[in-house]
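Hi everyone, thanks for making time.

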Amino acid sequence: MSWDQLTPLLWQAAGETAFMVLITLLVGGFLGLALGLGLYLTRPGNLLGNRFVFAVLNLAVNVVRPVPFIIFLVALGPLTRAVIGSTIGIEAFTFAMCFMATFVFARLVEQNLVSIDPGVVEAARAMGASPFRIVRTVLVPEALAPLILGYTFLFVGVLDMSAIGGYLGAGGLGDFAIVQGYRQYDWVVTAVVVVIIVLIVQAVQWLGNILARRALRR
Amino acid sequence: MPAATGAAAGSIVRFEGASKVFPGRGRRTEVRAVDEVTLDIREGEIFGVIGQSGAGKSTLVRLINALERTTGGDVVVDGVALGALNEARLRPVRAGIGMVFQQFNLLASRTVAGNVAYPLEVAGWSRSRREARVAELLDFVGLAEKAGVHPAALSGGQKQRVGIARALATNPRILLADEATSALDPETTRDVLNLLQRVNRELGVTVVVITHEMDVVRSICHRVAVMDRGRVVEVGEAYQVFSAPTHDITRRFVATALRDRPSPEVLERLRARHTGHIVTVGVDEVAGSSAVLTRTLREHGVDGTVVFGGITEVAERPYGSLTVELVGDPAAVEAAVVALRAVTWVDDHGRAAS
């Protein structure tokens, strides 16, 4: 195919990737933050220490996270069908991405929160702050820079996940590279897509670094 | 004067057989961090809790603002028994008690002013009242020009002054200082102790000081409790505890604060240098000062040379001892020692067997 024919397809693929990645970053970022805070807070000895809840959350994260995403997609099928109504298409695929991203980000969030000096949390408690206020005014602001970098890392992971969108007929840049490049023996098309993805990752990492540095300027 | 501020006032914190036991898990055995402590802290005093690390003093002070809950007995703060309160009802109690920490525990993400404003936000003060109060507090601790700076740019002493301003923000009646000077150099320590003393005198705040340094107790505390393995082994006027320690731990602390008594080795060297009669004479409030010693010796026609010793202040009263070589007629020396014994304690080391 000529680039005249390829260009609209490339734009469409880029749009699909943007849809999948942005939704996942939004939903997975929010739920991952919540789950990560849950992990941190319920750890025995912490603010809402609860051995049972912590064990359940911790196990869930440990079970989901190491599963290769392509297998996870299949395994999640029944739940995807129940929620989305179908196991194929961009919605079904994005649902699975949100799920995985939540668990990946939860662990990142928890690890960043653990590095906060417990003395600062104790000081806030001593001033009569409630756990919710401590989350809002101590934990998140104090860990903001590493959280931004973690979120940037999540973006790269999510972009990576989105590359196998073709497997469920979700399209996207990864699918474009395989269908229009690899299968057509057109290495130039594949190379162009790779360059585009590298540029996106570079730009986002650059932005994340700047924001993190700004959050650290204290 | 310390006695006057303490004795007349009522109790503001009362430990009633309070215990804190951390349960053992697996191979760890349970820890009795605080073991049936009964203690009164009086309104308006500076109360010291001294003990070696691991003696349970940090846990004890955290029972006062319920950062740790008692596992036995109770703690009554300002008439409120804490044992009966749930977490949500403890929050207002905590908000009424200021606390400063060894590692300052300031929020790195906030400026100095933002840190001092934090407890005011928790207490629901309006922005304009907060700003006025923060300015007033930073002025009190002498950091008005640092309002917009982040804690990372401050020295240890400045950080602790921010910590104190933050702890005082909501006008608490009690200030807890957990090893507040232990991370500071001696000069900064003095600044921070002076500030705590001002807080007590000018604002009438009851201050509870946790420390392992006898020097802190010596310089600012009215009364002191000595802790050892979770128990309070000695409690009383700082001066009393200092001048007549009854427990080994206390004696050890006292010895670290003032090395005024000659050890046997020192005595031996003194003997080699001085042939006269050597005595160690206690200097305290009763003996007044070394003036009493000088006058007594003059009255008996005895020459005295100070060869060792030291005098310092405990709770703002003189305390220490002087080791003196007495030279003169043996009968006159004897009479002078008897006269000194009438006003203070005397350790008679005799004279060299020549």
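Before anything else, a word on contact: two residues are in contact if their C-beta atoms, placed from the backbone, lie within 7 Å. Also, when I say helix or strand, I mean DSSP runs (H or I of at least four residues for helices, E of at least two for strands), numbered from the N terminus.

Keep in mind that this is a predicted model, where local features need pLDDT of at least 70, side-chain atom pairs count only at pLDDT 80 or more, and totals for chains, interfaces and linings use all residues. Residues are numbered from 1 along each chain as its sequence is written, while chains are lettered from A and ligands numbered from 1 in the order in which they are written.

Okay, chain A. In α6(A), A:Val120, A:Val121 and A:Ala124 meet A:Ile134, A:Val138 and A:Glu142 of α7(A). Sorted by type, that contact has 5 nonpolar residues, no polar and 1 charged. By nonpolar I mean Ala, Val, Leu, Ile, Met, Phe, Trp, Tyr, Cys and Pro; charged is Asp, Glu, Lys and Arg; the others, Gly among them, are polar.

How do the axes of α6(A) and α7(A) cross? They come within 11 Å and cross at roughly 160°, with axes fitted to C-alpha atoms over the stretch in contact and angles running from 0 to 180 degrees between N-to-C directions. That makes α6(A) roughly antiparallel to α7(A), a label for angles over 145 degrees.

Now, where the chains touch: chain B puts in 18 residues and chain A 16 residues. On the chain B side, α3 (87-95), β6 (97-101) and α4 (112-122) each give two or more residues, and α3(B) gives the most, with 4 residues. That side divides into 11 nonpolar, 5 polar and 2 charged.

Staying in chain B, there's an open sheet of 4 strands in the order β12-β13-β11-β14, paired antiparallel; pairing takes at least two DSSP bridges between two strands. β12 and β14 are the edge strands, each pairing on one side only.

B:Glu36, in strand β2 of chain B, has a positive phi of about 45° without being a glycine. B:Glu179 also isn't a glycine, and its phi is positive too, about 50°. Is B:Glu179 buried or exposed? It's buried, with 21 other C-beta atoms within 10 Å; buried takes 20 or more, exposed 12 or fewer, and partly exposed is in between.

Key. Angles under 35 degrees count as roughly parallel, over 145 as roughly antiparallel, 65 to 115 as roughly perpendicular and the rest as oblique.
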